[in-house]
Amino acid sequence: MRYLLLIYQNEADHTKFSQEELNEEYEAYMAFGKEAEQQGVLVSSEALLPTNTATTVRVRGGKTLHTDGPFAETKEQLGGFYLLNCKDLDEAIEFAAKVPAATDGSIEIRPIMEFE
């Protein structure tokens, strides 16, 4: 089953990281990706640019509206994802606990709906 691991962190806190902390975090993400790949569960992964680069689109009354930034103000922002093909939710949870952001943010696991 495919699971999307959504990575949420506080962007404001992240901007305060030193270069050394950023390098350590980068290495931790690279190690996680390598482990997921070696275990044969990694399908895809991407990091997202900060929320100030986002555009939110809504269609109301047949009109397309767009605004800069995320839809809602939150403490944590979506920063990236891993798409994994795990045998079950328990395995997805095991991998989610290893994502570096799990220690200071949160990882949301969403099963992918399979259409036939």
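Buried residues, meaning those under 20% relative accessible area with a 1.4 Å probe and protein chains only, make up 26% of the 116 residues in the protein chain. The model is predicted, so local features need pLDDT of at least 70 and side-chain atom pairs count only at pLDDT 80 or more, whereas totals for chains, interfaces and linings use all residues. Residues are numbered from 1 along each chain as its sequence is written, and side-chain values use heavy atoms, with hydrogens and water left out.

The protein chain has three helices and six strands, taken as DSSP runs (helices H or I, at least four residues; strands E, at least two) and numbered from the N terminus. Their order from the N terminus is β-α-α-β-β-β-β-α-β. Along the principal axes, the C-alpha atoms fill a box of roughly 45 × 45 × 20 Å. Of the contacts (heavy atoms within 4.5 Å) with a separation of 6 or more, 74% are between residues 24 or more positions apart.

Two aromatic pairs are present in the structure. Rings of Phe, Tyr and Trp (its six-membered ring) pair if their centres lie within 6.5 Å; planes under 30 degrees apart count as stacked, over 60 as edge-to-face and the rest as tilted. Phenylalanine 32 and tyrosine 82 form an edge-to-face pair, at 4.7 Å centre to centre and 70 degrees between the planes. Phenylalanine 32 lies in helix 2 (residues 19–38) and tyrosine 82 in strand 5 (residues 77–85), so this pair ties together parts that are 50 residues apart in sequence. Phenylalanine 32 is buried at a relative accessible area of 2%, and tyrosine 82 is buried at 6% relative accessibility. Phenylalanine 32 also forms an edge-to-face pair with phenylalanine 95, at 6.2 Å centre to centre and 80 degrees between the planes. This pair links helix 2 to helix 3 (residues 89–96), which holds phenylalanine 95, across 63 residues. Phenylalanine 95 counts as buried at 5% relative accessibility. Phe32, Tyr82 and Phe95 form one aromatic cluster. The charged end of lysine 98 sits over the ring of phenylalanine 95, 5.5 Å from its centre; the criterion is NZ of Lys or CZ of Arg within 6 Å of the ring centre and within 35 degrees of the ring normal.

A nonpolar core is a set of buried Ala, Val, Leu, Ile, Met, Phe, Trp, Tyr and Cys residues joined through side-chain atoms within 4.5 Å. The largest has 16 residues, and those with the most contacts inside it are Leu5, Ile7, Tyr82, Leu84, Phe95, Val99 and Ile107. Strand 1 (2–9), helix 2, strand 5 and helix 3 each give two or more residues to this core. Neighbours within four places in sequence aside, isoleucine 107 is in contact with Leu5, Leu6, Ile7, Ala96, Val99, Ala101 and Ala102.

Glycine 69 is placed in the loop between strand 4 (63–68) and strand 5 and is buried at 8% relative accessibility. Not counting residues up to four places away in sequence, glycine 69 touches Thr51, Ala54, Thr55 and Thr56. Glycine 69 and alanine 47 are 22 residues apart in sequence and 17 Å apart in space, C-alpha to C-alpha.

Terms used: Buried means under 20% relative accessible area, exposed over 50%, partly exposed in between (1.4 Å probe, protein chains only).
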